[in-house]
Protein chains: 2
Amino acid sequence: ILRDLFHTDCNAVLKALQPIFQEQGMTETVHNWEDHGYLVTYIKKNGSFANLRIHPHGLVLVDLQSYNDHMKGREEVDQLLNKVEERMKELFHGNIKRVKRLPAILRGGVIDRYWPTADGRLVEYDIDEVVYDEDSPFQNIKILHSKQFGNILILSGDVNLAESDLAYTQAIMGSGKEDYTGKEVLILGGGDGGILSSNIDQMVIDGCKKHMRKTCGDVLDNLKGECYQVLIEDCIPVLKRYAKEGRMFDYVINDLTAVPISTSPEEDSTWEFLRLILDLSMKVLKQDGKYFTQGNCINLTDALTLYEEQLSRLYCPVEFSKETVCVPSYMELYP
Amino acid sequence: ILRDLFHTDCNAVLKALQPIFQEQGMTETVHNWEDHGYLVTYIKKNGSFANLRIHPHGLVLVDLQSYNDHMKGREEVDQLLNKVEERMKELFHGNIKRVKRLPAILRGGVIDRYWPTADGRLVEYDIDEVVYDEDSPFQNIKILHSKQFGNILILSGDVNLAESDLAYTQAIMGSGKEDYTGKEVLILGGGDGGILSSNIDQMVIDGCKKHMRKTCGDVLDNLKGECYQVLIEDCIPVLKRYAKEGRMFDYVINDLTAVPISTSPEEDSTWEFLRLILDLSMKVLKQDGKYFTQGNCINLTDALTLYEEQLSRLYCPVEFSKETVCVPSYMELYP
């Protein structure tokens, strides 16, 4: 950012920077808006190009785009940007408010490293391998390897859980304050096997059983063990059946989905679904039973407040408390 | 990404997408590389523009850039991208490998939300306020407010510590396994006051004392308390003086700097500095004393290995162990 540029200043910036791109043997196309400054496009024979956008209020943007060969490309890019920075500092005698370079964005590669947060922020993960990528009848299932987080389960584009995320599993189980010995526990969702799971999507279980063993251990190898059973079906009819049979649990752990992001609980079917699950869960929960579930990104305050309001609208009165944890792979705090 | 496009296919993509941009009243400039596909620039009267890059191997990129008024702009952008996606799916009968939209990048605003990780990945923080922004004789000092992490201290562009990062302070103090009662503790660096500090930059202390109170409490209000003293000076002469005087400590906590990223320890002065600090610290440490320090982003494996090698080259033999923690605001795991 510079101070306000008048038309003559815009032109001075253009004149100062032109030689840098021309030296590269780039072909120039200048568009002059008069009242909105300049857009200059520089095209190279090898298919790469640069945009130079000069705004009259003082913002100068340089975007470089090239295909492949990016390590070599990066050095060239750095040299070019160094020259731009130098020339600008000369022109304005060092009087520049901010100079910022952003890391290159890699698009169209085999590995996609960009998985935005729940509140829509751009985050680049250190993904180095696509471990699993399949479409089930319900969703796209990806397991990607991150150098620091281990394998990460991504369902239809949403980061679900990584092998690093024991903190998530611990929190949704009551942060070590519960004694589950001899207790009846019903877990909804959680196809990653982090807790133990009843899930509708066999393919998630198949993928996780093979590639997320740090999370699920061997619990998914057999759907029935001495003290657990994994049901791969819609949990609503199961809950209804249990309620009808009068089967009661000490704990219900709902790991199905995060609090919906939408803030129209009356219209949105995810909210409807959530209330139904909550009501049914309360029906199969013993008098002093506990219900654990996840919230969502701490920044989605409206959605989280709405969720708390839903709790006061259940058919039976409930008490609740909340806790916020840092789930490493989510790149955000999570209540 | 599409399957391989021949020249005619590139042209078909161009012909299919052209009307979408032309409907917007945008002025078109087409560059045809023949062997590298097309770059088409669309310019709008209001100063915004779009780049359409069609690669012959099947990657089609659409970049949209506009100034200000970004909420209104976003809706328009979504509509335009929906049309592009539709048209492409029609053209290739749904046979498209991947469709991806990235969140908009905001540049040149009062608030800069992009602070890359130590291993160079692009990360957008939820910054909503610039709390403090000053240049000291040593560095640029920024304290930015994040909705989820609280105030974040950023020194010369590097995320240093946020109010959410008690985990960092706990880890560098030995994760609660040490009893500091009645012990002599020397803390190097840490101008944020998270531990307690001897720092060279008065302005960091002034900024933190006012804006990072969740981290430092009141320890920075007075540089000398009943059981602590804050020295604002270069720690090397202080360490040398203590070594000469024979003053010994139970603990030395080095919070000066992360392990250098460069992997040429013989040439890089940061490594030199690190070895000097290590050697001097060992000299003021009691026989059974402990030295705590931070590593760096877990992905910088080469640098971390080099650091361990340095430890074996000290003038006295040392034993060491390491621990990895999740520091919320760093967006990466940190040993």
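User: How many of the residues of chain A count as buried?

Analyst: In this predicted model, 47% of the 335 residues of chain A count as buried. The cut-off for that word is a relative accessible area under 20%. Chain A has 8 helices and 13 strands. Of its contacts with a separation of 6 or more, 55% are between residues 24 or more positions apart.

User: Why is Tyr251(A) called buried?

Analyst: Tyr251(A) has 5% relative accessibility. Buried means under 20%, so Tyr251(A) counts as buried. Phe292(A), at 15%, counts as buried by that cut-off too.

User: What makes Tyr251(A) and Phe292(A) a stacked pair?

Analyst: Two values are needed. The ring centres of Tyr251(A) and Phe292(A) are 6.2 Å apart, and a pair requires centres within 6.5 Å. The planes are at 10°, and planes under 30 degrees apart count as stacked. Both conditions hold, so the pair is stacked. Over all chains the count comes to 8 aromatic pairs.

User: Which parts of chain A does the pair of Tyr251(A) and Phe292(A) tie together?

Analyst: Tyr251(A) lies in strand 10, residues 249–255, and Phe292(A) in strand 11, residues 285–293. The two residues are 41 apart in sequence, so the pair ties together parts separated by that distance along chain A.

User: Why is the pair of Tyr125(B) and Phe149(B) called edge-to-face?

Analyst: The ring planes of Tyr125(B) and Phe149(B) are at 70°, and over 60 counts as edge-to-face. Their centres are 6.2 Å apart, which is within the 6.5 Å limit for a pair. Tyr125(B) is in the loop between helix 2 (70–91) and strand 5 (127–135) of chain B. Phe149(B) is in the loop between strand 6 (140–146) and strand 7 (150–155), 24 residues away. Both Tyr125(B) and Phe149(B) are buried.

User: How do you know whether Glu124(B) is buried or exposed?

Analyst: Its relative accessible area is 4%. That value is under 20%, so Glu124(B) is buried. Glu124(B) lies in the loop between helix 2 and strand 5 of chain B. Its side chain makes a polar contact with the side chain of Arg113(B), at 3.0 Å.

User: Is His93(A) buried or exposed, and what is stated about its phi?

Analyst: His93(A) has a relative accessible area of 72%. Exposed means over 50%, so His93(A) is exposed. Its phi is positive, about 50°, although His93(A) is not a glycine. His93(A) lies in the loop between helix 2 (70–91) and strand 5 (127–135) of chain A. In chain B, Glu34(B) also has a positive phi, near 70°. Glu34(B) is in the loop between strand 1 (27–32) and strand 2 (38–43). With a relative accessible area of 54%, Glu34(B) is exposed.

User: What makes the contact of Asp63(B) with Arg107(A) a salt bridge?

Analyst: The closest N and O atoms of Asp63(B) and Arg107(A) are 2.8 Å apart. The rule asks for a side-chain nitrogen of Lys or Arg within 4 Å of a carboxyl oxygen of Asp or Glu, so this pair qualifies. Across the interface of chain A and chain B the rule finds 4 salt bridges. Between the two chains, 22 residue pairs are in polar contact.

User: What is the buried area between chain A and chain B?

Analyst: Chain A and chain B bury about 4,900 Å² between them, with 60% of it on carbon and sulfur atoms. The contact involves 58 residues of chain A and 58 residues of chain B.

Note on methods:
Residues are numbered from 1 along each chain as its sequence is written. Chains are lettered from A and ligands numbered from 1 in the order in which they are written. This is a predicted model: local features need pLDDT of at least 70, side-chain atom pairs count only at pLDDT 80 or more; totals for chains, interfaces and linings use all residues. Side-chain values use heavy atoms; hydrogens and water are left out. Contact means heavy atoms within 4.5 Å. Buried area is the accessible area (1.4 Å probe) that two parts lose on being put together, summed over both. A polar contact is a pair of N or O atoms within 3.5 Å; within protein, one must be able to donate a hydrogen and the other to accept it, and residues adjacent in sequence count only if both atoms are side-chain atoms. Rings of Phe, Tyr and Trp (its six-membered ring) pair if their centres lie within 6.5 Å; planes under 30 degrees apart count as stacked, over 60 as edge-to-face and the rest as tilted. Helices (H or I, at least four residues) and strands (E, at least two) are DSSP runs, numbered from the N terminus. Buried means under 20% relative accessible area, exposed over 50%, partly exposed in between (1.4 Å probe, protein chains only).
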